Amino acid sequence: MVEAWYMDESQEDQRAPHRLQPNRAVSLEQLRLLGVTYRKLDADNYETDPCLKEIRKAENYSWMDIITIHKDKLPNYEEKIKTFYEEHLHLDDEIRYILDGSGYFDVRDKDDKWIRISMEKGDMITLPAGIYHRFTLDENNYVKAMRLFVGEPVWTPYNRPADDLPARKQYMKFLTGEAQ
């Protein structure tokens, strides 16, 4: 089961857990209220998993690829790690399914505080368009993930501040209960 918590303010190694002391856990329901959805799937059988097939059909995830983030596998590794950890948003939902390894997605709550979501093998997360977030490996320095998209992939991150973008405005309406 996924675990999430409020982060401390430390600027130490981004790959460390960065839990507040005492720990302030964040529930799946709290994540859902931010528009973040979570599923647990069978990563050992992702190629034939009927649950994944059904999710892709229901959500219209027509495009996918697999990325391995490790210094020996990813070209421009150091540059990519820095880019992934820059606070940003996307105009479309971000869907990631961890096939092996582990890492962290950090998202902002309604009060602009960081929540760290620990992701490991079998975890699928959907971050809504317009949410400020970032990604980093954990101390294992390895993750293999499936990236899913509705239609052709759009990789463009919009670094904060990006509050004027329609996706951000729509997300803020969602948070305040004004979304249609």
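# Terms applied to one predicted model

Colleague: Why does Asn-60 count as partly exposed?

Modeller: Asn-60 has 47% relative accessibility. Buried requires under 20% and exposed requires over 50%; 47% lies in between, so Asn-60 counts as partly exposed. The value is computed from a predicted model.

Colleague: Where is Asn-60 found, and what makes its phi worth a note?

Modeller: Asn-60 is in the loop that runs between α2 (50-59) and β4 (63-69). Its phi is near 60 degrees, which is positive although the residue is not glycine. Most residues other than glycine have a negative phi.

Colleague: Why is Asn-76 called exposed?

Modeller: The relative accessible area of Asn-76 is 52%. The cut-off for exposed is over 50%, so Asn-76 is exposed. Asn-76 sits in the loop between β4 and α3 (77-85), and its phi, near 55 degrees, is positive too.

Colleague: What makes the pair Phe-105 and Phe-135 tilted?

Modeller: The search of the whole structure gives 7 aromatic pairs. In the pair of Phe-105 and Phe-135, the ring centres are 4.9 Å apart, and a pair needs centres within 6.5 Å. The planes stand at 55 degrees; stacked needs under 30 and edge-to-face over 60, so the pair is tilted.

Colleague: Why is Arg-108 called buried?

Modeller: Arg-108 has a relative accessible area of 16%, which is under 20%, so Arg-108 is buried. The residue is part of strand β6. Its contacts beyond four places in sequence include Glu-87, Trp-114, Tyr-132 and Arg-160. Between Arg-108 and Arg-134 there are 26 residues in sequence and 9.4 Å in space, C-alpha to C-alpha.

Colleague: Which peptide bond at Arg-160 is cis?

Modeller: The bond joining Arg-160 and Pro-161 is cis, with omega about 5 degrees. Pro-161 lies in the loop between β11 (158-159) and α4 (166-175). The bond from Gln-21 to Pro-22 is also cis, with omega near -5 degrees, and Pro-22 is in the loop between β1 (3-6) and β2 (25-26). Most peptide bonds are trans.

Colleague: How many helices and strands does the whole chain have, and why is it called as compact as a globular protein of that length?

Modeller: The protein chain has 4 helices and 11 strands. Its radius of gyration is 16 Å, and the globule rule gives 16 Å for 180 residues, so the chain is as compact as a globular protein of that length. The C-alpha trace spans about 40 × 40 × 30 Å along the principal axes.

Colleague: What share of the residues is buried, and what share of the contacts joins residues 24 or more positions apart?

Modeller: Of the 180 residues, 45% count as buried. Among contacts with a separation of 6 or more, 73% are between residues 24 or more positions apart.

How values were computed
Residues are numbered from 1 along each chain as its sequence is written. This is a predicted model: local features need pLDDT of at least 70, side-chain atom pairs count only at pLDDT 80 or more; totals for chains, interfaces and linings use all residues. Side-chain values use heavy atoms; hydrogens and water are left out. Helices (H or I, at least four residues) and strands (E, at least two) are DSSP runs, numbered from the N terminus. The radius of gyration is taken over C-alpha atoms; the globule rule is 2.2 Å times the number of residues to the power 0.38. Buried means under 20% relative accessible area, exposed over 50%, partly exposed in between (1.4 Å probe, protein chains only). Contact means heavy atoms within 4.5 Å. Rings of Phe, Tyr and Trp (its six-membered ring) pair if their centres lie within 6.5 Å; planes under 30 degrees apart count as stacked, over 60 as edge-to-face and the rest as tilted.
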